[in-house]
Structures are given as C-alpha cells and as structure tokens.
Amino acid sequence: PQTIWDVCFADMRWELWDHNIRQLTNVSGPCEDGTTCIFEQNDGTNFFFILSNVEKYRSINFSGNKLGGTIKAEGKILITPVDNFSTRIEYSFELSGSIGFILAVFKKNEVVDGTEAGFANIVKLCEEAQRSQHVIMN
C-alpha cells in the first residue's frame, strides 16, 4: 500500500498514470480531504476536482464538475492489503449530470477503456518502483 500511495498519489502528479490528464494545476495542498485542483485534460478542457475520503495508504475519492455542473465525475480508489506480498487496488470512475450521463452512455467504451488504462498504469508504475527497490541482507 505504501508504494502505491507514494508512487501514484502522494505528490499529486496523477498525469503519470492517467493518460487523459496533461497536468494538475491550482493544487491547493497535499493529497488529503478538501484539497482541490484542476485536471487539465489532453483534449484542452479543464475539470475542477476536490478530494474526499482520503486515508493515507488506503483510499481516495475525487469528484468534480465542469460546464456548470452539467458534467460531473467521480473516481474512487481503494487500496487493500491482501497479505504480506500482495495488495488489491480497486478503481472506479463514473460520469453523471445532464450532459455527463449522455457522454457516459455514448462514450461508454472510452470511459471504460480510460479507467482500465489508468488502472493498468498504476499497476505498472508500482511494479517498476518495487523492482527498483534494493534489499540488503546481512
């Protein structure tokens, strides 16, 4: 859980794992409840988000909106240790609102593919970080 948190969330550089984000701007603080930021997306649009349910090494929710709230988004990440050697990561993302609902229906594959790609990137980054750690035995 610590590797996942430190590599993917702690520094608020989510563009490293979410291929739809160019960068996070106007980040109001560290990765904790109430922190706000703008997701500058690769398509040129911006999305205002706020973090909630943040428990270090365990969970993060991010919710936001654009176009006056007609497009709403919510993501949830849950990190659960399984045993000493493995961790379960659950990642969900959904769109809602009057326009967001329509986008979710007509662009369902893009939303699902984007969520799955983000999840795959989280796993890849964490595996790479673990491989780079050295174990010294005396």
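## Basis of the model

Residues are numbered from 1 along each chain as its sequence is written. In this predicted model, local features need pLDDT of at least 70, side-chain atom pairs count only at pLDDT 80 or more, and totals for chains, interfaces and linings use all residues, while side-chain values use heavy atoms, with hydrogens and water left out.

## Overall layout

The chain has 3 helices and 6 strands, where helices (H or I, at least four residues) and strands (E, at least two) are DSSP runs numbered from the N terminus. Their order from the N terminus is α-β-β-β-β-β-β-α-α.

The C-alpha trace spans about 60 × 30 × 25 Å along its principal axes. Buried residues make up 34% of the 138 residues; buried means under 20% relative accessible area, exposed over 50%, and partly exposed in between (1.4 Å probe, protein chains only).

## The sheet

The 6 strands form an open sheet in the order β1-β2-β3-β4-β5-β6, with antiparallel pairing. Two strands count as paired if DSSP finds at least two bridges between them. β1 (21-25) and β6 (87-96) are at the edges and have a single partner strand each, so one side of each is left without a neighbour in the sheet. From one strand to the next, the twist averages 20°.

Helix α2 (residues 98-106) lies across β5 (71-81) and β6, at about 120° to β6. For such angles, axes are lines fitted to C-alpha atoms, for helices over the stretch in contact, and angles run from 0 to 180 degrees between N-to-C directions.

## Strand pairs and turns

β2 (residues 36-41) pairs with β3 (residues 46-55) over 5 bridges. T36, found in strand β2, has I50 in β3 as its bridge partner. T36 is buried, with a relative accessible area of 18%. Not counting residues up to four places away in sequence, T36 touches N26, V27, S28, F48, F49 and I50; contact means heavy atoms within 4.5 Å.

β3 and β4 are joined by 6 bridges, and L51 stands opposite F62 in β4. The hairpin of β3 and β4 has 3 residues between the strands, and Y57 in its turn has a positive phi of about 70°. Strand β4 (residues 59-66) is mostly covered, with 6 of its 8 residues buried.

β4 pairs in turn with β5 over 8 bridges, where S59 stands opposite L78 in β5. The hairpin of β4 and β5 has 4 residues between the strands, and L67 takes a positive phi near 55° there.

## The nonpolar core

A nonpolar core is a set of buried Ala, Val, Leu, Ile, Met, Phe, Trp, Tyr and Cys residues joined through side-chain atoms within 4.5 Å. The largest one has 28 residues, of which F9, W14, F39, I60, F62 and I77 touch the most other members. At least two residues of this core come from each of α1 (2-8), β1, β2, β3, β4, β5, β6 and α3 (108-132).

F9 touches I4, W14, W17, C31, I60, I77, I79 and I122, not counting residues up to four places away in sequence.
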